[in-house]
Amino acid sequence: MTVADLRTKDRYPSRGATSELIERTDPTVWPGVSTGPATSEELASHEAKGFHVVEGLLSPAEVQTYWQELERLCRDPAVRDDERTIVERSSDEVRSIFEVHKTSSLIAELARDPRILDRARQVLGSDVYVHQSRINYMPGYRGTGFYWHSDFETWHTEDGMPAPRAVSTSIALTDNYPFNGGLMLMPGAHRTYVSCAGETPEDNYKSSLKAQEVGVPPEDEITELAYEHGIEQFTGPAGSALWFDCNSMHGSGNNITPYPRSNIFLVFNSVENTLVEPYAAKSPRPSYIASRDFEPIRR
Ligand code: 6CS
Ligand code: FE
């Protein structure tokens, strides 16, 4: 197969008539960049489990700075009215603000910070650009989670991302306990792609960013993966960062505790894996959700 075939041939079909498990044929940690902040143990864990955690990625002072930035954005009426802001279905509270690496200079700086950028480059083995960025604000009492899914399934079918060569970091701005809606992941399940049944509705993103309904695996496949791999949860003090592969199987529960759970979420994609036409949707999602500015990020 030539390089061109690898980009256009759909090796990860989904949103057809039936669901099935497909073995991933791509690496998770890609060769090509040998220096950076990630240790070989962290990279080995990332390859084996599909994720790794860096405690204290941000200092307490930086957490304060970014928390204030989050509050500023959430309170700004112009931001609230912006189409890039997603509010909760039932409470109208801010749930996510997209494209924050373009609208906040502080977050633009963060994406370029060597502690973050160089780690993304190490995992993906190339130059990288930001595919998606968002602030996730999960309030106490009323915060709602996301059902089990693989991000890559959506990015492939709806955004046209050819291969699972993207990595996300979720940087905690609040303490993550086992009880305030923390992210659960299945270690090792990133090597299995769940092809999901069901056609993509038009403008699916208008509802999927509040509650995803298409592109989620059926219960028997989640059961199979959970019994094979088990479930771990990302917990840790504010400032910790979870790095997870784009095909990691993950989800979160609701948050009925008084403690909010907020994070900055940055997705890096390899410049060798830039988007083509969606593999299973009529039209691509807006660029504030799936960037088509493939210019590599430089320090
Ligand atoms: O749509 C996205 O890009 C992200 N959001 C959801 C609800 N699912 C896929 C991915 O995590
Ligand atoms: Fe996700």
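His149 has His250, a residue of strand 12, as its bridge partner, in a model that is predicted. Strand 12 covers residues 249-252 and runs antiparallel to strand 6, to which it is joined by two bridges; strands here are DSSP runs of E with at least two residues, while helices are runs of H or I with at least four residues, both numbered from the N terminus. These two strands belong to an open sheet of four strands, whose order is 6-12-8-10 and whose pairing is antiparallel, where two strands are said to pair if DSSP finds at least two bridges between them. The edges of this sheet are formed by strand 6 (149-150) and strand 10 (232-233), each of which pairs on one side only. In general, the strands of a sheet pair through backbone hydrogen bonds, either parallel or antiparallel.

Residues are numbered from 1 along each chain as its sequence is written, and chains are lettered from A and ligands numbered from 1 in the order in which they are written. In this predicted model local features need pLDDT of at least 70 and side-chain atom pairs count only at pLDDT 80 or more, whereas totals for chains, interfaces and linings use all residues, and side-chain values use heavy atoms, with hydrogens and water left out.

The structure holds 23 salt bridges, a salt bridge being a side-chain nitrogen of Lys or Arg within 4 Å of a carboxyl oxygen of Asp or Glu.

| Lys or Arg | Asp or Glu | Closest N to O |
|---|---|---|
| Arg11 | Asp26 | 3.1 Å |

Arg11 forms its salt bridge with Asp26, and because Arg11 lies in the loop between helix 1 (3-8) and strand 1 (20-23) while Asp26 lies in the loop between strand 1 and helix 2 (40-49), the pair ties together parts that are 15 residues apart in sequence. Arg11 is buried at 19% relative accessibility, and Asp26 is buried as well, with a relative accessible area of 13%; buried means under 20% relative accessible area, exposed over 50%, and partly exposed in between, for a 1.4 Å probe and protein chains only.

Lys49 is partly exposed at 26%, and Glu232 is partly exposed at 31%.

In the remaining pair of the table, Lys206 is exposed at 53% relative accessibility, whereas Asp203 is partly exposed at 38%. Finally, a network of salt bridges links Arg15, Glu153, Glu158, Asp159 and Arg285.
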